[in-house]
Amino acid sequence: MRRHCLAVLPGHLILPPLLLLLQLLPLQAEIAYRTPLASNRILFESSESSAAAPPSTNANSNIATSSSARRCPQLQRYHKMLKDIDDVEDLYVDVPVRIAFEERQKKRFLLNLNISTPLTILFSAPVGRKMYYNQTANVLRPAAVAPGIDTAVGSLVLPCALRGHYDLFVQARQSGALKVEAIAKHPQQNWPLLNSTHRISIRTQNRVRKRQMIVKWEHSKFDYHAMHYCLVIQRIVGTNEPPNYSNFCEAVNAYVEQSPRSFAMAATSCSTENNLLSLIWSTPAKHERRLNPRHNLHIVCTGKRRQQTLRRLLPKSNYRLDLYGVHQNRQNLTMLLGSTQVSFNRTHPTVLRQQALSLLKIDGQHGAQIYSFKVPDTATTPAYMRHLLLPCFGSEIRVRLLRQRKEIAKTDAFYCPTYIRQTGVKAGERYLMRFEPSNEDETLRAQKVLVALSSEPLFRDLPELPSNITVFNVRTRCNRATIAWNGSPDERALSYCIIVFNLPQRNRSVVDYTNYCMDFTPKRVMQQKNFVWVGCREKQKSPDNIETETILNLIPGSSYLVYVTANLSLGKPLPYQTLTLHMASQCLDGSHETYY
């Protein structure tokens with residue numbers, strides 16, 4: 001009986017030669033099948049001519065891909081198309097290809113890109129097409145180009161084609177000549193509005209303890225109903241300036257290259273949801289997005305939302321924010337809308353200046369906001385500090401004064417101009433002023449407040465208001481009303497202005513129309529909505545220091561909101577508490593009066 005010779009290798013199984021040969025044949029066929037048909041990398045710069053080949057040409061990735069093909073139906077379909085379509089043609093950027101097609105003939109085009117760029121593929125005749133990226137199951141679904149001259153239905157546009165290998169499978173729908181051309185630009189890049197000046201402001205709020213940053217921006221002025229947004233976040237390392245990307249594709253390319261391993265794993269994934277391009281373009285918008293602290297570049301797309309919370313930022317770092325718009329009605333055309341640089345550090349309270357009327361926001365987290373002020377370093381230590389507070393919209397707020405995190409003074413809830421006298425202060429000491437609404441209902445309305453500080457008995461540019469700033473309704477007739485108020489104790493030259501606004505007959509509170517922070521100069525007041533009348537006169541001398549004024553030409557049945565302001569010759573006016581007048585709807589004769 002004839003014996004077979006066995007091949008024996010150390011550490012391997014013993015196999016008959018025939019069986020070993022049968023197993024080597026498919027392996028050789030697979031290696032030959034995996035070898036690229038042509039090396040047609042498109043070079044845009046001579047320095048990149050020696051760049052490495054795409055990951056798909058690597059032998060290790062070939063083995064991984066062949067093993068994953070057994071478990072991935074999408075990859076099996078891709079391999080089946082490779083086997084069925086043996087007619088292959090190289091495709092180069094900006095080099096048109098003209099080929100004669102028979103009806104329903106299939107052809108495969110190979111395209112390699114060495115940089116990320118917008119890509120448009122034009123067909124001169126209607127065809128069926130399917131496009132794959134990097135020899136994986138990632139089938140691309142690019143937008144269609146509008147038909148035109150030498151452009152047929154079915155032409156494609158990729159707003160940002162990443163660097164790598166592209167397989168384009170084409171099937172002719174009719175016999176004839178076909179022209180295929182790949183162009184490295186977006187078909188809408190000549191949109192006239194792109195050359196217009198268009199910048200929108202970007203606002204940020206730091207929450208360093210939580211390592212969070214809230215980014216907000218305005219609506220785009222260009223087709224805001226069709227504009228989506230993407231944020232490019234760059235961390236500035238050391239003194240090096242971050243790179244200025246000329247377009248969004250360059251930022252995407254740098255974003256992919258900083259973690260090639262993770263993106264390569266996503267690219268070879270069987271799930272179509274893990275498409276490499278979809279990781280950037282099609283990721284659902286979230287209210288919060290966590291950033292990888294090991295990376296210096298991040299891209300976050302927010303859809304139509306104009307606010308994004310970023311988490312896991314590094315304290316004591318500087319970040320550059322570039323906001324790009326993505327036009328949904330122009331094949332995802334991208335444009336730079338605005339840029340800003342942010343220092344992510346603990347925000348110190350805003351410092352208040354003396355003898356200046358400052359408009360402050362008090363709509364911070366939970367409706368509370370903190371500001372800082374410093375007692376001036378003078379030779380004579382001041383015995384007190386005076387604070388003038390004017391809640392803008394008549395909302396009830398409280399104020400707490402803090403020194404070294406200890407509360408030293410607290411006010412009751414107030415809703416009209418109020419003075420606070422702080423005694424026992426020392427020169428050079430710093431204090432904090434904390435504003436907060438009196439209750440939860442006031443949180444929405446308490447938004448702004450006017451604040452003035454002084455270590456002197458009087459404010460230089462502001463009149464002095466009396467302790468009682470109430471305006472009284474003395475008497476009303478059919479079409480007139482007489483009002484009175486306490487005169488100012490200020491001995492400087494002073495005048496008063498009476499301003500009347502029409503109060504709409506709606507089911508809204510009078511407080512909704514009150515605004516102590518408006519500009520009370522006569523020219524500005526007359527431009528306000530619902531303005532009726534304004535009159536100014538000099539201060540009158542009276543033994544009881546009571547001022548009176550009669551308002552004429554009022555309409556019966558109407559309601560009015562009355563302001564009384566005290567004015568210096570140089571400076572800003574200050575308002576008294578507002579007064580509401582309700583005129584009687586019926587008047588029997590001219591002598592009919594109502595007393596209060």
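**Exercise 1.** Work out how many residues of helix 4 are buried, and which ones they are.

*Solution.* Start with the count: in helix 4 (residues 248–257), 7 of the 10 residues are buried, so the helix is mostly covered. Here buried means under 20% relative accessible area, exposed means over 50%, and partly exposed is in between (1.4 Å probe, protein chains only). Helices (H or I, at least four residues) and strands (E, at least two) are DSSP runs, numbered from the N terminus. Next, name them: Phe248, Cys249, Ala251, Val252, Asn253, Tyr255 and Val256. Cysteine 249 sits at 2% relative accessibility.

A quick word on what you're looking at: this is a predicted model, where local features need pLDDT of at least 70 and side-chain atom pairs count only at pLDDT 80 or more, while totals for chains, interfaces and linings use all residues. Residues are numbered from 1 along each chain as its sequence is written, and side-chain values use heavy atoms, with hydrogens and water left out.

**Exercise 2.** Find the strands that helix 4 lies across, and the order of their sheet.

*Solution.* First, helix 4 lies across strands 14, 16, 18 and 19, running at about 125° to strand 16. (Axes are lines fitted to C-alpha atoms, for helices over the stretch in contact; angles run from 0 to 180 degrees between N-to-C directions. Contact means heavy atoms within 4.5 Å.) Then look at the sheet: it is open, has 4 strands in the order 16-14-18-19, and its pairing is antiparallel. Two strands pair if DSSP finds at least two bridges between them. At the edges are strand 16 (297–303) and strand 19 (333–344), each pairing on one side only. Finally, pick out strand 14 (residues 227–236) and strand 18 (residues 317–327), which are joined by 10 bridges.

**Exercise 3.** Describe where cysteine 497 and cysteine 536 sit, and how accessible each one is.

*Solution.* Begin with the link: a disulfide joins this pair, S to S 1.9 Å. Cysteine 497 lies in strand 31 and cysteine 536 in strand 32 (residues 531–538), so parts 39 residues apart in sequence are tied together. Cysteine 497 is buried at 5%, whereas cysteine 536 is partly exposed at 45%.

Note on methods. Disulfide = S-S within 2.5 Å.
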